[in-house]
Amino acid sequence: MGTENSTGLEISEPFLLQSEKMREVEFEVSEEIPPWKDQITIRGFVASALLGTLFCIITHKLNLTVGIIPSLNVAAGLLGFFFVKSWTGFLSKLGFSITPFTKQENTVIQTCVVACYGLAFNGGFGSYMIAMDEKTYKLIGVDYLGNRAEDVKNPALGWMIGFMFVVSFLGLFSLVPLRKVMVMNYKLTYPSGTATAMLINSFHTNTGAELAGFFFDFSPTYVGCGLICPHIVNCSVLLGAIISWGFLWPFIAMHAGDWYPADLGSNDFKGLYGYKVFIAISLILGDGLYNLIKIIGVTGKEMYKKNTKQNNLPIVNKFQDSESSKLLTEQKKRDETFLKDRIPSWFAASGYVGLAAISTATIPIIFPPLKWYLVLCSYIIAPALAFCNSYGTGLTDWSLTSTYGKIGLFIIASIVGTDGGVIAGLVACGVMMSIVSTAADLMQDFKTGYLTLSSAKSMFVSQLVGTAMGCVIAPLTFWLFWTAFDIGSPDGPYKAPYAVIFREMAILGVEGFSELPKHCLAICYGFFVSALVINLLRDVTPMKISQFIPIPMAMAIPFYIGAYFAIDMFVGTVILFIWERINRKDAEDYAGAVASGLICGDGIWTIPSAILSIFRINPPICMYFGPSLSS
């Protein structure tokens with residue numbers, strides 16, 4: 001599951017190279033493919049529930065701290081293999097007769113896990129959902145123009161789980177009829193899905209299973225993120241930290257008393273804090289707008305080219321050597337398997353219409369400011385946006401989920417106005433994010449299933465089950481954080497940076513820019529234009545130059561939340577860089593496994609840490625580093 005916070009156009013190239021290596025993986029034409037019902041197993045769902053819980057915890061932790069969510073599709077496939085293989089091996093030693101663990105079952109587990117933990121991100125637990133809560137309302141300021149006490153809805157398990165169920169399934173039905181077009185006709189790459197398929201295929205060969213052996217380590221999550229994110233992402237984060245905390249904020253602070261009152265608190269939006277939030281927003285919006293326009297342009301161009309080629313291609317009969325014949329046989333086998341178990345279009349269409357009707361009736365009950373006709377309009381245009389996002393993800397691995405969500409946020413907030421526009425905009429953001437994201441994730445997993453000879457029907461069923469799991473597991477694991485830690489505190493480890501940003505966006509949609517401190521709007525314009533120019537330079541300059549140009553979206557993250565995590569991620573990228581220079585093959589084979597161990601190990605520790613916090617048990621020893629009294 002890639003997001004615009006963690007992946008970009010540069011990540012597609014190594015994955016594209018990996019997809020070419022698919023030919024090197026042993027492919028047996030005579031391989032027996034289990035029926036779609038046999039690809040779905042009880043042990044698979046048990047493993048999916050356990051891994052889904054773990055990945056939800058990891059996603060919440062990243063969401064509530066730095067907001068960077070690396071693509072964990074490969075890690076889901078790897079850990080699914082590791083868990084089930086370990087379990088079946090243990091039972092075999094005890095003398096039990098065990099059903100063989102196939103790559104199709106592995107793919108179903110991976111799909112289920114991705115669908116489950118995807119809701120921890122798309123559900124807005126680190127962004128639009130907690131942007132509604134009282135803590136965020138008070139943090140922005142009770143006297144802040146447009147920040148009304150009426151626009152507050154605190155988290156509660158009941159309405160969160162209900163909201164997840166009524167909005168999370170529509171994206172799965174929106175593009176199911178187009179799976180053949182996207183995967184087979186357009187032959188979209190879906191780099192993360194292709195890489196996951198390559199990994200799963202390699203596991204189920206005699207030699208490939210060696211790659212699944214790794215050890216968990218309780219090292220920081222961000223070092224693991226540094227290993228799994230592209231070098232340019234990590235370097236962009238560090239550059240953003242240097243620019244903001246090394247130069248920009250000290251410069252603005254020098255003008256305290258002139259540009260803004262000097263006696264304001266550290267979290268007052270009329271002071272330095274306002275600059276931090278709104279400059280970060282301007283970078284995020286500039287980057288998102290540019291890439292949205294670009295992806296739409298690329299999508300239209302590619303579709304036009306494909307249609308032109310299909311209409312004008314001459315019929316050519318040419319000699320095929322044995323290698324070409326083998327590849328064509330492999331292709332035919334995959335096509336037949338993918339199309340064998342059909343999902344009727346009428347089922348997908350009726351499912352979407354029925355779920356849209358339920359959601360249109362239910363959402364206004366949970367959130368009265370968002371009227372039913374606005375929800376209905378969102379569901380009418382959502383399939384078109386879901387197609388654009390899925391097609392763009394297939395080309396570049398870049399899912400613009402939150403960009404589409406922000407568009408919905410601004411439009412609905414401005415339509416509703418001052419009487420509930422903030423809540424309505426935030427909920428509309430969630431509706432849009434849920435549909436476009438789950439549609440892209442589903443198509444990404446269809447690509448994985450296509451390359452691993454898995455049934456499209458078993459993939460769809462596992463998506464439904466994984467989504468149902470996520471509707472329960474994601475809120476429950478979030479509730480663990482919410483109960484145990486001070487979520488949203490600017491001075492704590494779980495700052496929930498996007499909560500403030502999303503609420504401010506909703507207020508901007510309603511009120512405009514009247515409350516910004518002096519020169520803040522001008523500086524924001526400058527950074528907005530800079531984001532557009534930097535992205536343009538990345539696209540027009542040669543690869544040998546563009547690979548060193550930073551990504552504005554990644555630069556924006558430390559502007560608001562601080563520079564502390566940038567060093568950890570940079571350490572990860574330095575380790576990977578040195579590893580690649582020493583032994584590139586080992587780095588390619590094992591870096592993902594090491595990163596998974598780092599991230600999952602740290603995620604596992606969150607559980608006992610949260611339990612200790614719930615019971616108010618403090619550690620016996622605590623170390624603190626701060627400035628000396630003399631300074």
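This is a predicted model: local features need pLDDT of at least 70, side-chain atom pairs count only at pLDDT 80 or more; totals for chains, interfaces and linings use all residues.
Residues are numbered from 1 along each chain as its sequence is written, and side-chain values use heavy atoms, with hydrogens and water left out.

Let me begin with the charged pairs. The structure holds 6 salt bridges, a salt bridge being a side-chain nitrogen of Lys or Arg within 4 Å of a carboxyl oxygen of Asp or Glu. One of them joins Asp-486 to Lys-135, with the closest N and O atoms 3.2 Å apart. Asp-486 sits in the loop between helix H19 (456-484) and helix H20 (497-511), whereas Lys-135 belongs to helix H6 (residues 134-140), so this pair ties together parts that are 351 residues apart in sequence. The helices here are DSSP runs (H or I, at least four residues), numbered from the N terminus. Asp-486 is partly exposed at a relative accessible area of 47%, and Lys-135 is partly exposed at 36%; in these terms buried means under 20% relative accessible area, exposed means over 50%, and partly exposed is in between, with a 1.4 Å probe and protein chains only.

Another salt bridge runs between Lys-518 and Asp-258, where the closest N and O atoms are 3.6 Å apart. This pair, too, links distant parts of the chain, with Lys-518 in the loop between H20 and helix H21 (520-540) and Asp-258 in the loop between helix H12 (231-253) and helix H13 (272-312), 260 residues apart. Salt bridges that share partners also join Arg-148, Asp-151 and Asp-419 into one network.

I turn now to helix H23. How many of the 10 residues of helix H23 are buried? The helix, residues 552-561, is mostly covered, with 10 of its 10 residues buried, and among them are Ala-554 and Met-555. Both of these residues are touched by Ser-236, which also touches Pro-550 and Ile-551, not counting residues up to four places away in sequence; contact here means heavy atoms within 4.5 Å. Ser-236 itself is placed in helix H12 and is buried, with a relative accessible area of 0%. A polar atom of the Ser-236 side chain lies 2.5 Å from the backbone oxygen of Ile-232. After H23 comes Gly-562, whose phi is positive, near 115°.

Finally, the aromatic rings. The count comes to 25 aromatic pairs, where rings of Phe, Tyr and Trp (its six-membered ring) pair if their centres lie within 6.5 Å, planes under 30 degrees apart counting as stacked, over 60 as edge-to-face and the rest as tilted. Phe-251 and Trp-259 form an edge-to-face pair, 6.0 Å centre to centre with 80° between the planes; Phe-251 is partly exposed at 41%, whereas Trp-259 is buried at 14%. Tyr-260 and Tyr-275 have ring centres 5.9 Å apart and planes at 55°, so that pair is tilted, and both of these tyrosines are buried.

Note on methods
Helices (H or I, at least four residues) and strands (E, at least two) are DSSP runs, numbered from the N terminus. A polar contact is a pair of N or O atoms within 3.5 Å; within protein, one must be able to donate a hydrogen and the other to accept it, and residues adjacent in sequence count only if both atoms are side-chain atoms.
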